[in-house]
There are 4 protein chains.
Amino acid sequence: MTHNIAILGASGYTGAELVRLIATHPNMKIAALSADRKAGMVMADVFPHLRHLSLPTLCTIDEIDFSTVDLCFCALPHKTSQQVIAALPAPLKIVDLSADFRLRDPAAYEKWYGNAHSALAQQDEAVYGLTEFYRDEITAARLVAGTGCNAATGQFALRPLIANAVIDLDDIILDLKCAVSGAGRSLKENLLHAELSEGTNAYAVGGTHRHLGEFDQEFSRLARRPVKVQFTPHLIPANRGILATCYVKGDAQIVYDTLCTAYADEVFIHMLPFGATPSTHDVRGSNFCHIGVTADRIENRAIVVATLDNLTKGSSGQALQNANLMLGEDETEGLMLAPLFP
Amino acid sequence: MTHNIAILGASGYTGAELVRLIATHPNMKIAALSADRKAGMVMADVFPHLRHLSLPTLCTIDEIDFSTVDLCFCALPHKTSQQVIAALPAPLKIVDLSADFRLRDPAAYEKWYGNAHSALAQQDEAVYGLTEFYRDEITAARLVAGTGCNAATGQFALRPLIANAVIDLDDIILDLKCAVSGAGRSLKENLLHAELSEGTNAYAVGGTHRHLGEFDQEFSRLARRPVKVQFTPHLIPANRGILATCYVKGDAQIVYDTLCTAYADEVFIHMLPFGATPSTHDVRGSNFCHIGVTADRIENRAIVVATLDNLTKGSSGQALQNANLMLGEDETEGLMLAPLFP
Amino acid sequence: MTHNIAILGASGYTGAELVRLIATHPNMKIAALSADRKAGMVMADVFPHLRHLSLPTLCTIDEIDFSTVDLCFCALPHKTSQQVIAALPAPLKIVDLSADFRLRDPAAYEKWYGNAHSALAQQDEAVYGLTEFYRDEITAARLVAGTGCNAATGQFALRPLIANAVIDLDDIILDLKCAVSGAGRSLKENLLHAELSEGTNAYAVGGTHRHLGEFDQEFSRLARRPVKVQFTPHLIPANRGILATCYVKGDAQIVYDTLCTAYADEVFIHMLPFGATPSTHDVRGSNFCHIGVTADRIENRAIVVATLDNLTKGSSGQALQNANLMLGEDETEGLMLAPLFP
Amino acid sequence: MTHNIAILGASGYTGAELVRLIATHPNMKIAALSADRKAGMVMADVFPHLRHLSLPTLCTIDEIDFSTVDLCFCALPHKTSQQVIAALPAPLKIVDLSADFRLRDPAAYEKWYGNAHSALAQQDEAVYGLTEFYRDEITAARLVAGTGCNAATGQFALRPLIANAVIDLDDIILDLKCAVSGAGRSLKENLLHAELSEGTNAYAVGGTHRHLGEFDQEFSRLARRPVKVQFTPHLIPANRGILATCYVKGDAQIVYDTLCTAYADEVFIHMLPFGATPSTHDVRGSNFCHIGVTADRIENRAIVVATLDNLTKGSSGQALQNANLMLGEDETEGLMLAPLFP
């Protein structure tokens, strides 16, 4: 059975990534693509790399007949997303890729995003989209909130450790190296090739990055008490990939075993041998997450390094994985593409 | 029906690319992977990006039981390849990715490669592997010689123009921009990140690049008289992609129409609108070739720009396309992956 | 004696490059820096790499007391530049880095830039700033027009060949590979790291790039008859550097000897040994230009490859070289910095 | 007065960087350049970017007449360096760039480098070359040991904090992002453009990187008790630059003030405004080090980020700074070149 799919916000990187992945999905058909400012254009003019596909012309959201749509991916900017989703027909299944439904607590949303939430009913209904940890809820959900790409990476490294209390909860440091596509197709000086290539810098230092809202929510929920982590992202001259270097206090072997146990049956999460370290190069363009654990020379300290592709496992791949569950498809359908190396 | 596949030389980039592509092919199974110096290693240690696949352990060629193999990809260095292929069991279907069987004339081989050919019977039997132009011969072939990646790019831009005599045959210039993976996994100073990134240079200037042997052979055959082109490759700081800028003398509109006619039914060759120019970014990781034609301000001159991914359409993708034909599979099977952008 | 220098348009790349170079010039002092939209900011906030220098706060042009300024570099956008320069005090020495005064013929200016010139008196007075070929005129000039960076590269490769009539004037092809800083600090999608890195494409194909106005003017003047060249620029994933691959018809040895003779006494122009090819890597950050000549395998064809740093020798370094002449300084003062490699 | 300079090991990156810097030094003359395997070659063939300089032909060390040399830079591999230096004439001033004389304790040397030291007298005599902290000793020294580039970056961030006991000495984490030229001109697969560009990975995780020997030595000496830090380097796709993100426990404002006080009179060390973060882009090719301090959202935690160019301030620039002191030159001579941006 073929599912009719709509993608709202198809002119951004996550929209294009959804199209790339769905292109080889056997049971999905792209029925509508919206891009308000580019409505009327053909996708090949917006993204020439999709030229070989037969795709609907870009349209406005209003022009879409949602009665024929089985599932809608919403790849719009946050704030816009909550308004659009609140207005969509009630029974429509939705996977949202924005930040709008990630935080359950309206006050937390307002704290991190600076405005009151305008779709409280949907916020209440939404399921957090970290597939490996919310599989049952996602399968049953109507509205799933895709996670932040940094938030996903950090959680894959740390959730089992926090849930099993094998590390010190008050001393967790995440140092992230983030590729530039995570910032989207935005025209900013620091994203220009001339200013970004050949170097690196930290940003949102000191606890101001919005994905901390997700870490706080999820880690505190797991620990059943407040957990606050330190999180410093760095921009690196690469287009895809996040590498999270996590410094934790605990026995490295226990840390490793805990992660191995947690991910033993997961198709997309791969534990490296103890002491090995992953590389963003090895997951590029794929839905896989690689995790390595090393013991530090200082007793009772471990370094957990996790990596994934921010546009795939960190965003559009995760969204498709969730959509598969919601539509009764095999969870891995369309997602087993091998990474692109070199 | 599942075909058993062997890949000789699996520890190089084209070997890894074959594995990547075959991984999503519905009717192929990798039965053996050889890599002489790395025999005994598991593929995940040589190429961690293939960690998620169940693959045979690397072995020596001698260890392979070819009686159970339906088709063998040979991704060995030239010179080695001819020796190995000469010794393989006679009825085995082979797609060779080296330069050893591209030139039909033993004298031409010796001229460009500096040594006498040691497998003349196989050289005589081999079919040139540019699928779109040798489809019938390839379908019937036992041994197919994959083309040079630069040679493929230039031929896609020029073959129909030469065959239809719509350009001056004595004044053809190909200026190529080539990504670094075309040089393979070789340890050379000029391939180091520190020396290659952030700049460009020409190499093999003046008519010394070996792929000229293929241009000479194929273009002269099409024209039924000697045709010599000028060809200057440049190394650019990118890992995948070739862009061929071809300067020809002829009417640009006729040039364009001739190419459009030639490729009207081809799945993998896409003509851009007249006056548009392709980008290597838009074919990365895919089996597609994009071609654009522009009229110069000087009368009767046209610029034809063709681009493809050297590891896919220029090498391993082409090889798989040929293998599909040889095994009775649909030509596009396993090859419709969309390009990776950004 | 110290010269007081003003730089108008100091918040762009060429402005910053002027500051970088002047920083080690023994006889120049930066007296004023303008940047209309960033007036009031300190340079360290606009360009943190200049943090170690004591520099004037950015101001508007109106705030500058030009009576104390010996020479003014004008690094403004074209069109703006002609308006500003027309209004500057008459005796002030000016080096303009925009395109506004490069073309002598007002009709040619209008053809290439789309608007009538509004400072015809200054246009008439301006000297073309290709130092090695207009040294005397520049020394005596009040207003010097910096050349286009692509135009400079192509002219270094070709001027002596055209002037000495050693090549076919009707069949000259320039294929340029251009780093991204030539496009300035402009916010465009195709200049984003995510869209530019890891690939290349041609642009302004077919004879539409504005620097052709300079080639037409200068080459026709040298040949005393109209000369039109073919010129195709390509954007490469690098921040600095232009490589011009020039295809000419003529005897390669004579071509080489002609260039060697022409540049025998030039400090900044270096001829490589016959048959060697230059690399953008070897001139990065410097005022040097490297040129190589190779004979093609086809008789009477030569390939001339020239490279320089577009921001230095192609723009701000050239401007400083001209300013040195205008102020009676040694031409090389402040310009002997070695290239940065790797 | 002009000092005659010899550089041993001139065919590596740090050797070339020394030549680049000395090229604009008013009082140094390069009298000899050695490179054993490339003896007899001219420097322009080894490093074409130095083509414009008049330099001695490369020779073997034996061919150098050290009686005419005032100071010798030794840019040889470790182990080789100690053997060569032990055999140099006694009164010769030497700045060593290898790891051989950085550790004062022969046992520590053997622990980190795996072999017994063979030049114990020189090891005993050598002064640790972190200029800003050993200025007087360096001025009086005959033999100065250049620091590790990672070790320099981390020490600039942390020394004043440890010396003034304003942070918890038992909980210091250094997460470093390191450009590839720090690995030298070595032919390794992971340094190839195809394998390094477009991604990142950690290496020497868990406390195995040799520069920890320097951190242990220096920090323990400052604290007068053993101090062990956690240190994880990451390779990033850039050619120059190290960014050290240091996680410390202490009051951020006190941390900031302590660093400001320590570096108030230093020409090359620049403190950013409180809360600002530095970028490797802003020090590229220069001898400057930029440091920023930010308070974390968690009380009593601060993030100190320091950046420098590994080849300049981290190696050859530091070496020249030390040589200036040893020769009675102004410490900054030849070192005030502005960073190259973009």
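## The overall form of chain A

In this predicted model, the secondary structure of chain A comes to eleven helices and 14 strands. The radius of gyration of chain A is 19 Å, which is close to the 20 Å that the globule rule gives for 342 residues, so chain A is as compact as a globular protein of that length.

Among the contacts in chain A that link residues at least 6 apart in sequence, 69% join residues at least 24 apart.

## A parallel sheet, seen in chain C

What is the order of the strands in the open sheet of chain C? Seven strands form this sheet, in the order β3-β2-β1-β4-β5-β7-β6, and the pairing is parallel. The edge strands of chain C are β3 (58-59) and β6 (127-128), each of which pairs on one side only.

## Strand β1 and its neighbours, seen in chain D

Strand β1 of chain D covers residues 3-8, and five of its six residues are buried, so this strand is largely enclosed by the rest of the structure. Six bridges join β1(D) to strand β2 (residues 28-34) of chain D, and the two run parallel. One pairing to look for is that of D:N4, whose bridge partner in β2(D) is D:K29. Between these two strands the chain passes through helix α1 (residues 13-22) of chain D, and this β-α-β crossover from β1(D) to β2(D) is right-handed.

Strand β1(D) also pairs with strand β4 (residues 71-74) of chain D, to which it is joined by four bridges, and here too the strands run parallel. In β4(D), D:L71 stands opposite D:I5. As a general point for reading such strands, in a regular strand the side chains alternate between the two faces of the sheet.

Two copies of a chain are related by a rotation about an axis and a shift along it. For chain D and chain A, a rotation of 180 degrees with 0.0 Å of shift along its axis superposes the one on the other, with an RMSD of 0.0 Å. That is the relation of a two-fold axis. In chain D, the C-alpha nearest this axis belongs to D:P237, which lies 3.3 Å from it. A rotation of 180 degrees, again with 0.0 Å of shift along its axis, also superposes chain D on chain C, with an RMSD of 0.0 Å.

The contact between chains D and A takes 41 residues from chain D and 41 residues from chain A. Several elements of chain D each supply at least two residues of the side that touches chain A, among them β10 (230-235), β11 (242-249), β13 (289-295) and β14 (301-308). By class, this side of chain D has 16 nonpolar, 16 polar and nine charged residues. Of the interface residues of chain D, 100% are also interface residues in chain A, so the copies meet through the same surface. For chain D and chain C, the share is likewise 100%, so these copies also meet through the same surface.

## Backbone details

Most residues other than glycine have a negative phi, and most peptide bonds are trans.

A cis peptide bond joins B:F341 and B:P342, with omega at about -5 degrees, and B:P342 lies in the segment after α11 (312-326) of chain B. The peptide bond from C:F341 to C:P342 is cis as well, with omega near -5 degrees, and C:P342 is found in the segment after α11 (312-327) of chain C.

Notes: Residues are numbered from 1 along each chain as its sequence is written. Chains are lettered from A and ligands numbered from 1 in the order in which they are written. This is a predicted model: local features need pLDDT of at least 70, side-chain atom pairs count only at pLDDT 80 or more; totals for chains, interfaces and linings use all residues. Two residues are in contact if their C-beta atoms, placed from the backbone, lie within 7 Å. Ala, Val, Leu, Ile, Met, Phe, Trp, Tyr, Cys and Pro count as nonpolar, Asp, Glu, Lys and Arg as charged, and the others, Gly among them, as polar. The radius of gyration is taken over C-alpha atoms; the globule rule is 2.2 Å times the number of residues to the power 0.38. Copies are superposed by least squares on the C-alpha atoms of residues with pLDDT of at least 70 in both. A residue is buried if 20 or more other C-beta atoms lie within 10 Å of its own, exposed if 12 or fewer, and partly exposed in between; C-beta atoms are placed from the backbone. Two strands pair if DSSP finds at least two bridges between them. A crossover is right-handed if, with the strands pointing away from the viewer, the path from the first strand over the helix to the second runs clockwise.
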